[in-house]
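We will go stop by stop.

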Amino acid sequence: MNDALRIIKPGPYTLLVDRGRRRCQHFGLAAGGAADIHSYEWCNRLLGNPTNTPALEIAAGPFAAEFRFEGHAALCGAEHNAKLNGKPVHNWSSFSVKPGDTLQLGYAQSGVRSYLGVGGIWNVNTLFDSCQRVNDNGSAEPLAPGEYIHFSALKQLKLNTMTPWTQIPDDDSALCLPVRPSYQFLRFPEDQRQALVDGYYTISPQSNRMGYRLQGPAVHWPAAGIESEGIALGAVQIPPDGQPIVLLNDRQTIGGYPKIGCVAASACSRLTQRRPGQKVSFCWLDLD
């Protein structure tokens, strides 16, 4: 099995991801997984790969890798003006590659994260049913320059495919995050529930895969702290300064700040493609 992808330039934060770990949070280990599950799934769908096949999550760029196999690859997500051997490659599509071909991604022009997949079966270790690697302190371990990732490429001829335009999101458009009332929602005063949805929030530069910090109208919690409890993907945490934090894939597993609700998982994917400085808003989903 000599098929491989060689990482030339991993950029600031490139991870090997899938749908995430299972049955691990009671050990204090985050579920992880692709931050933008929509783009990740389309990347594998274009290649005909099974669900949960690994892919590279490339944040921000620049990035470069060499293909050491003949077959197909696919790229979905943020717009990086990708080039294969110096020639433009369509985003949200699959393309043919051969040994020695080099893929280069520039800085992201729209969105934040791109997903690079290959058609085949990856030879990677797993932990809690996930390929995502962790350091000794539980943080995600990014890929390094010169690293090889091995797999068995599919050899049969396959046509290049593209994602339907209706499934390609606009990551520069306004984003309203639908929130399902949950956790301590009923203990927040009515005027504080309303404050969350009355204005716009700016994404803070301190945002990452653990959570997106937002700056805007403060939401006040009228009581003391709460007992620590499990935290779901998309939980909207309200710290003492009243500035909401939307908790994401690499969040802590428990926390003692009050939470006013949970953002829908599909909207979390869209949020992770927004950059610091972009504005978002919230809207309440029905209680039913």
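The model is predicted, so to read it: local features need pLDDT of at least 70, side-chain atom pairs count only at pLDDT 80 or more, and totals for chains, interfaces and linings use all residues. Residues are numbered from 1 along each chain as its sequence is written, and side-chain values use heavy atoms, with hydrogens and water left out.

**Stop 1: the sheet.** Show the strands (DSSP runs of E, at least two residues, numbered from the N terminus). An open, antiparallel sheet holds 5 strands, ordered E2-E3-E10-E5-E8. Strands count as paired if DSSP finds at least two bridges between them. Now select 13-17 and 93-97: strands E2 and E8 are the edges, each with a single partner strand, so one side of each has no neighbour in the sheet. From one strand to the next, the twist averages 25 degrees; angles run from 0 to 180 degrees between N-to-C directions, along axes fitted to C-alpha atoms.

Stop 2: Select E5 and E8. They pair antiparallel over 5 bridges. Pick alanine 74; its bridge partner in E8 is serine 94.

**Stop 3: the cavity.** Select Leu75, Ala78, Glu79, His80, Ala82, Val89, His90, Asn91 and Ser114, which line the largest cavity. A cavity is a set of points on a 1 Å grid over the protein atoms alone where a 1.4 Å probe fits but cannot get out; lining residues have an atom within 4 Å of a point. Strand E5 (residues 71-79) gives the most to this lining, with 3 residues.

Key: 1 Å grid on protein atoms, 1.4 Å probe; cavity = no way out; pocket = protein on both sides within 12 Å on 5 of 7 lines; lining within 4 Å. Helix = DSSP H or I, 4+ residues; strand = E, 2+ residues; numbered from the N terminus.
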